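This report describes the fold of one protein chain. Please look through the sequence and the structure before reading on.

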Amino acid sequence: MEAHNYTLVTEFVFLGLTSRLDIQPVIFGVIFAMHLITIVGNSLIITVTWIDPKLKTPMYFLLSQLSTIDICFTTITVPQLLIHAFSRSKTISFTQCMTQVFFFVAVGNMEGYLLAAMAYDRYVAICTPLRYGAIMTQKLCICIVLVFWLLMFLNSLLHTILVSRLHFCSNRILHFFCDLPPLMQLSCSRPFINELVILTEGITATLSPFIFILVSYVCIVVTVLGLRSTAGLRKALSTCSSHIVVVTLFYGTVIRLYFQPVSSYTLDRDRQVAVFYTVVTPMLNPIIYSPRNQEVKGALRRTLSKIFQ
């Protein structure tokens with residue numbers, strides 16, 4: 001059996017986005033601005049969907065949950081990145097690192113399942129509109145969200161336990177937060193069990209909602225093609241276009257980054273992808289939904305007028 005030199009790791013050191021000190025202020029300014037837009041934009045979505053009576057529907061309840069997830073998703077990683085931009089100490093304890101992994105994986109997977117719930121909502125609204133009120137009740141939506149959270153916490157716990165049991169030959173993480181691929185890359189031997197779980201249970205848990213979304217949209221397309229009304233066709237497309245864009249952004253980055261062997265993990269490329277889905281995508285979601293949705297824009301105007309009048 002091959003011998004490896006490893007020590008008990010009590011903390012990790014982040015190497016960050018770049019080692020160039022001259023561009024650190026630029027990186028800090030850009031990411032801080034995007035993080036601020038993310039918090040403000042998603043907070044506005046949550047506020048108007050909870051306050052405005054016209055948005056007390058399952059679709060907007062799920063949209064408010066998506067905004068909540070986006071806030072959690074970016075808050076798990078970005079504040080730490082901003083602090084480390086000008087800090088000499090870029091360390092994180094082993095326990096804090098594993099905690100970050102747990103919540104990051106749980107919240108990240110939860111977004112996929114919530115997008116699947118939103119696809120089902122659009123399927124019911126377009127394919128069986130007369131039964132929409134009876135099927136998509138507030139109670140059903142709350143139950144769906146709670147069950148999904150439970151499943152995602154259990155799924156995340158599995159991955160966190162497996163990565164915490166690895167023997168690390170180094171504590172220098174080639175990343176700006178604790179994530180599965182960079183931690184697995186520090187393992188003294190190939191983390192075969194971790195890779196196997198990601199490529200089996202991980203693929204199943206991640207791609208199941210994606211397949212469900214595709215099936216839902218196939219049914220929607222079949223129904224839409226059968227519509228004789230041009231106005232009905234435009235309305236159906238307008239209610240789905242924002243969701244399709246968000247699904248494309250989310251699953252494009254997830255599949256690109258996670259479903260590959262650890263040996264093919266490259267620092268610069270995957271850190272750029274990580275910045276996109278931890279900083280850019282959560283900022284874009286409220287921007288994508290609001291301008292395309294007249295009800296959201298109207299609710300925003302009414303809420304803002306109440307605040308500033």
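Among contacts in the protein chain between residues at least 6 apart in sequence, what percentage join residues at least 24 apart? The share is 80%, where contact means heavy atoms within 4.5 Å. The model is predicted, so local features need pLDDT of at least 70 and side-chain atom pairs count only at pLDDT 80 or more, while totals for chains, interfaces and linings use all residues. Residues are numbered from 1 along each chain as its sequence is written, and side-chain values use heavy atoms, leaving out hydrogens and water.

**Overall layout**

The protein chain has 10 helices and three strands. These are DSSP runs numbered from the N terminus: helices are H or I with at least four residues, and strands are E with at least two. Of the 309 residues, 49% are buried, meaning under 20% relative accessible area with a 1.4 Å probe, protein chains only.

**The sheet**

Three strands form an open sheet in the order β2-β1-β3, with mixed pairing. Two strands pair if DSSP finds at least two bridges between them.

| Strand | Residues |
|---|---|
| β1 | residues 11–14 |
| β2 | residues 91–93 |
| β3 | residues 172–173 |

β2 and β3 are at the edges and have a single partner strand each, so one side of each lacks a neighbour in the sheet. β1 and β3 run parallel and are joined by two bridges. In this pair, Phe 14 is opposite Ile 173 in β3. Helix α3 lies across β1, β2 and β3, at about 85° to β2; axes are lines fitted to C-alpha atoms, for helices over the stretch in contact, and angles run from 0 to 180 degrees between N-to-C directions.

**The cores**

A nonpolar core is a set of buried Ala, Val, Leu, Ile, Met, Phe, Trp, Tyr and Cys residues joined through side-chain atoms within 4.5 Å. The largest has 59 residues, and Leu 66, Leu 115 and Ile 213 have the most contacts inside it. α3 gives the most to this core, with 12 residues. Leu 115 touches residues including Leu 66, Ile 213 and Phe 250. A second, separate core of 18 residues includes Cys 97 and Ile 173.

**Thr 74**

Thr 74 is in helix α2, residues 58–85. Thr 74 is buried, with a relative accessible area of 0%. The residues that Thr 74 touches include His 35, Ile 39 and Pro 282. The side chains of Thr 74 and His 35 make a polar contact at 3.3 Å. A polar contact is a pair of N or O atoms within 3.5 Å; within protein, one must be able to donate a hydrogen and the other to accept it, and residues adjacent in sequence count only if both atoms are side-chain atoms.

Technical notes
Buried < 20%, exposed > 50% of the residue type's maximum accessible area, 1.4 Å probe, protein only. Lists of a residue's contacts leave out its neighbours within four places in sequence.
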